[in-house]
Amino acid sequence: MATELGIALLGAGTVGAAVARELDAHADRLAQRSGGPLVLRRLAERDPARLRALRLDGVTVGDDAEAAVAAPDVDIVVELLGGLNPAGALLETALGRGLGAVTANKAVIATGGRRLAAAVRPGSGGLAFEAAVGAAMPVLAMLRDSLRGDEVHSITAVINGTTNHILRRLEEGDGFDRAVADAQQRGFAEADPSSDLDGHDAAQKLCILAWFAMGADVTPDQVQRRGIRGIEPEDLRAASGLGSVVRLVARAERSGAGLELTVQPTLVPRPGHPLGDLEGADNAVLVESDLAGRLLLRGRGAGADAAASAVLSDLVVVARARREGRVLPLPPAAPVPVRDAEASMSEAWLRLRLAGGKGGAAGDARRTLQQAGVTVERTTAGVDEGEVEVLTGPTSRAALARALEAFHAAGAPASVAQTMDRLEPLA
Ligand SMILES: NC(=O)c1ccc[n+]([C@@H]2O[C@H](COP(=O)([O-])OP(=O)(O)OC[C@H]3O[C@@H](n4cnc5c(N)ncnc54)[C@H](OP(=O)(O)O)[C@@H]3O)[C@@H](O)[C@H]2O)c1
């Protein structure tokens with residue numbers, strides 16, 4: 001009979017409670033797959049209300065996460081507290097003690113994942129964090145295990161479900177604040193939704209993807225980040241007039257001059273692009289590499305069961321590795337040059353409001369753009385009177401910034417109602 005492995009679960013919130021329930025309900029299945037029983041021995045949770053619906057016979061329960069990590073009967077720590085502190089320090093302590101560790105914590109992994117990887121002890125089982133990006137989508141496993149011989153050129157992803165929901169509500173005509181309140185009511189957005197709205201959440205996940213796909217040791221402060229604040233229902237109406245929607249798109253792209261990392265609200269063709277029809281908590285990651293070509297992974301990027309699916313899978317993999325005296329391999333990462341906003345390129349969409357009463361304002365606006373160095377690919381009349389939509393070709397962000405400055409100057413032929421990146425339809 002294989003020996004039992006003791007689990008310490010830190011946090012019994014949305015994801016932690018689902019993991020505790022599954023450990024109890026599917027103990028046999030998990031034991032069979034991981035090579036022996038996985039026994040929940042410690043549970044640390046500071047909110048007693050969270051424990052009421054759980055069956056915790058034989059489990060030592062308390063509010064002290066440090067004590068759970070230090071307990072002598074624990075082999076693997078599952079961290080589901082969220083936030084940077086104390087989660088990061090607890091994981092480091094667990095790994096330093098030679099324990100295996102599983103986490104869903106994108107903030108900790110994006111900022112300190114390489115340090116934690118270095119703290120893994122031989123034979124411990126290692127460190128796994130599939131749920132940190134895209135919850136149920138096995139995107140890290142795919143990048144780690146299935147593209148080992150490929151060179152990944154780019155990743156284009158929608159990895160934040162909250163902003164999908166809010167942008168969808170804006171499409172239906174809701175104002176921004178109402179759309180955010182609705183997302184909160186339905187449990188998509190947290191009480192403080194700024195991590196989602198301002199793109200921090202997507203930037204953290206993008207850094208983890210860049211690590212696994214490109215071996216890049218990068219941190220969220222290197223991502224050119226803009227969230228979805230300031231986007232109005234009129235923008236979504238205009239996007240619809242162009243056969244498109246707006247989504248918060250995270251991109252990592254290799255170029256000769258380095259890696260470009262962006263999280264930006266983006267005009268996405270619908271139909272025509274697989275990121276265009278994502279709704280609710282659905283996430284998708286499009287990977288382009290030299291040998292495999294284009295791969296698309298799509299699935300539930302949030303929710304208790306979706307995240308628990310990834311956590312349990314990690315737990316099985318780490319437990320099996322520990323029983324076999326191995327660790328789960330993590331891809332190596334090295335610092336890479338990251339292009340700043342000045343040097344990077346984008347294809348953009350501009351909604352211009354032409355200055356009233358000026359004959360030929362559209363032509364003047366076009367000239368302003370060209371003088372700033374912006375390549376204009378197409379202009380069309382906007383959905384509202386006096387507006388014009390401009391789609392640029394590949395243009396440096398510096399040229400775009402010069403054009404925006406020119407439009408802000410007195411006597412400019414047009415004012416800028418909105419501007420954002422855009423994606424081309426995929427052939
Ligand atoms: N929810 C999802 O869909 C999802 C998907 C993928 C990944 N994740 C990740 O999974 C992790 C957990 O998310 P969640 O949604 O389950 O969060 P959650 O519902 O807020 O659960 C966290 C629980 O841990 C407790 N806690 C926090 N710090 C503690 C401490 N120092 N000692 C003891 N208890 C503590 C919290 O108590 P209080 O309520 O008192 O703070 C809460 O009950 C996060 O890293 C998140 O990013 C979540």
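How far is an oxygen atom of the ligand from an N or O atom in the side chain of Arg46? The distance is 2.9 Å. The model is predicted, with local features requiring pLDDT of at least 70 and side-chain atom pairs pLDDT 80 or more, while totals for chains, interfaces and linings use all residues. Residues are numbered from 1 along each chain as its sequence is written, and side-chain values use heavy atoms, without hydrogens and water.

View 1. Gly303 contributes a backbone N or O atom, 2.7 Å from a ligand oxygen atom. Of the 890 Å² of accessible area (Shrake-Rupley method, 1.4 Å probe) that the ligand has on its own, the protein covers 77%.

**View 2. The shell around the ligand.** The ligand is surrounded by 19 residues (a heavy atom within 4 Å), of which Val15, Glu45, Arg46, Arg50 and Gly303 are the closest. By class, the shell comprises eight nonpolar, six polar and five charged residues; Ala, Val, Leu, Ile, Met, Phe, Trp, Tyr, Cys and Pro count as nonpolar, Asp, Glu, Lys and Arg as charged, and the others, Gly among them, as polar.

View 3. Helix 1 (residues 14-25) packs against helix 2 (residues 27-34) at about 85°, the axes (lines fitted to C-alpha atoms over the stretch in contact, with angles from 0 to 180 degrees between N-to-C directions) being 5 Å apart. The two helices are therefore roughly perpendicular (65 to 115 degrees). Glu22, Leu23, Asp24 and Ala25 of helix 1 meet Ala27, Arg29 and Leu30 of helix 2 (heavy atoms within 4.5 Å). This contact has four nonpolar, no polar and three charged residues.

Methods: Helix = DSSP H or I, 4+ residues; strand = E, 2+ residues; numbered from the N terminus. Parallel < 35°, antiparallel > 145°, perpendicular 65-115°, else oblique. Polar contact = N/O pair within 3.5 Å; in protein donor to acceptor, adjacent residues only side chain to side chain.
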